[in-house]
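Colleague: Hi! I have a new model open and would like a tour of it. Could we start with one of the loops?

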Amino acid sequence: MAQETILIAEDDPDIRDGVRILLAGEGYRIIEAENGAKALQAFGPEVDLVILDVMMPGMSGLRVCEELRKSSTVPILFLTARSQESDKLLGLTAGGDDYLAKPFSFAELSARVRALLRRYTVYRGKGQAGALPENRMLCAHGVTLSLECNRVWADGREVNLTDTEYRILRLLMQHPERIFSIQALYEAVWDEPYFYTSNGTVMVHIRNLRLKIEADPQNPRRVRTAWGKGYRFAGGEEEP
């Protein structure tokens with residue numbers, strides 16, 4: 001299997017060196033950038049994961065994430081010294097897939113990197129599919145989703161979903177009559193134990209997903225909240 005490439009953008013040289021040494025020791029190829037502008041210059045199609053410090057001089061990690069999301073669905077892991085829930089949700093709203101507060105243990109960083117890369121490897125990207133067989137597609141209410149890779153169309157237009165958004169939509173479309181509680185959805189998609197603080201993470205990703213696939217995100221008819229119990233993929237007539 002080809003060596004996986006990780007781009008690390010961190011202005012603190014000690015943290016950057018530490019992350020590089022530890023991840024390189026696990027067999028990853030590492031590209032380093034000391035600020036946001038250099039991160040954008042260093043990014044290329046060979047990059048499988050981006051680790052972004054939120055607070056960097058000149059261009060913040062949030063801005064870098066927004067720029068990357070204009071053309072890529074590569075998983076993005078934020079590192080930040082700010083651990084408030086509002087800061088975490090800000091990073092996820094910008095398009096990030098996960099969030100790790102400083103100081104963090106290498107075991108936790110390694111686990112999150114492996115999880116993001118595993119999901120991205122399974123469901124990765126645009127351009128890998130040509131004519132897709134119909135039996136490897138899910139189609140409902142104007143949304144078409146490929147089971148082969150991360151490709152989704154809404155009302156005939158292809159939409160760019162992050163890996164996490166794709167996994168949420170895929171799960172809901174595979175079980176359209178099932179209502180997923182936030183806990184069930186989190187554990188199925190993130191593949192890790194649920195904590196109450198994970199609620200905001202799920203809600204932000206659902207909001208981003210609605211913005212991308214709904215004709216009217218303020219009045220969603222596909223990814224819906226079911227009477228405060230959870231989420232489901234729905235369409236057609238409104239429920240009473």
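Modeller: Happy to. Go to Asp 191, which sits in the loop between α7 (182–190) and α8 (199–213). Keep in mind that this is a predicted model.

Colleague: Thanks. What is the phi of Asp 191?

Modeller: Phi there is near 60 degrees, a positive value in a residue other than glycine. For background, most residues other than glycine have a negative phi.

Colleague: Which loop holds Asp 155, and what is its phi?

Modeller: Asp 155 is in the loop between β8 and β9 (157–159). Its phi is near 55 degrees, again positive in a residue that is not glycine.

Colleague: While we are on backbone geometry, is the peptide bond from Lys 102 to Pro 103 cis or trans?

Modeller: That bond is cis, with omega near -5 degrees. Pro 103 belongs to the loop between β5 (98–101) and α5 (106–123). In general, most peptide bonds are trans.

Colleague: Let me zoom out a moment. How many helices and strands does the protein chain have?

Modeller: The protein chain has eight helices and 11 strands. It runs to 240 residues, and 51% of them count as buried.

Colleague: Good. Now strand β7, please. Which way do its side chains point?

Modeller: Strand β7 covers residues 143–146; Val 143 and Leu 145 point one way, while Thr 144 and Ser 146 point the other way. In a regular strand the side chains alternate between the two faces of the sheet.

Colleague: Are those four buried or exposed?

Modeller: All of them are buried.

Colleague: Which strands pair with β7?

Modeller: On one hand there is β6 (residues 137–140), which pairs with β7 in the antiparallel sense over four bridges. Ala 140 has Val 143 of β7 as its bridge partner. Then there is β8 (residues 152–154), which runs antiparallel to β7 and is joined to it by three bridges. Here Leu 145 is partnered with Val 152 in β8.

Colleague: New topic: Thr 80. Why does it count as buried?

Modeller: Thr 80 counts as buried because its relative accessibility is 2%, and the cut-off for buried is under 20%. You will find Thr 80 in strand β4 (residues 76–80).

Colleague: What is Thr 80 in contact with, beyond its neighbours within four places in sequence?

Modeller: Its contacts there are Asp 53, Val 54, Tyr 99, Leu 100, Ala 101 and Lys 102. Thr 80 and Glu 10 are 9.9 Å apart, C-alpha to C-alpha, and 70 residues apart in sequence.

Colleague: Last one: how many cavities of 30 Å³ or more are there?

Modeller: The search of the whole structure finds one. The largest cavity holds about 30 Å³ of space. Its lining consists of Arg 69, Ser 72, Thr 73, Asn 160, Leu 161, Thr 162 and Lys 212.

Colleague: How do those lining residues divide by type?

Modeller: They divide into one nonpolar, four polar and two charged.

Note on methods:
Residues numbered from 1 in each chain as written. Predicted model: local features only at pLDDT ≥ 70, side-chain atom pairs only at ≥ 80, totals over all residues. Heavy atoms only, no water. Buried < 20%, exposed > 50% of the residue type's maximum accessible area, 1.4 Å probe, protein only. Helix = DSSP H or I, 4+ residues; strand = E, 2+ residues; numbered from the N terminus. Pairing = 2+ DSSP bridges. 1 Å grid on protein atoms, 1.4 Å probe; cavity = no way out; pocket = protein on both sides within 12 Å on 5 of 7 lines; lining within 4 Å. Points joined across faces, edges and corners; volume = space filled by probe spheres on them. Nonpolar A, V, L, I, M, F, W, Y, C, P; charged D, E, K, R; others polar. Contact = heavy atoms within 4.5 Å.
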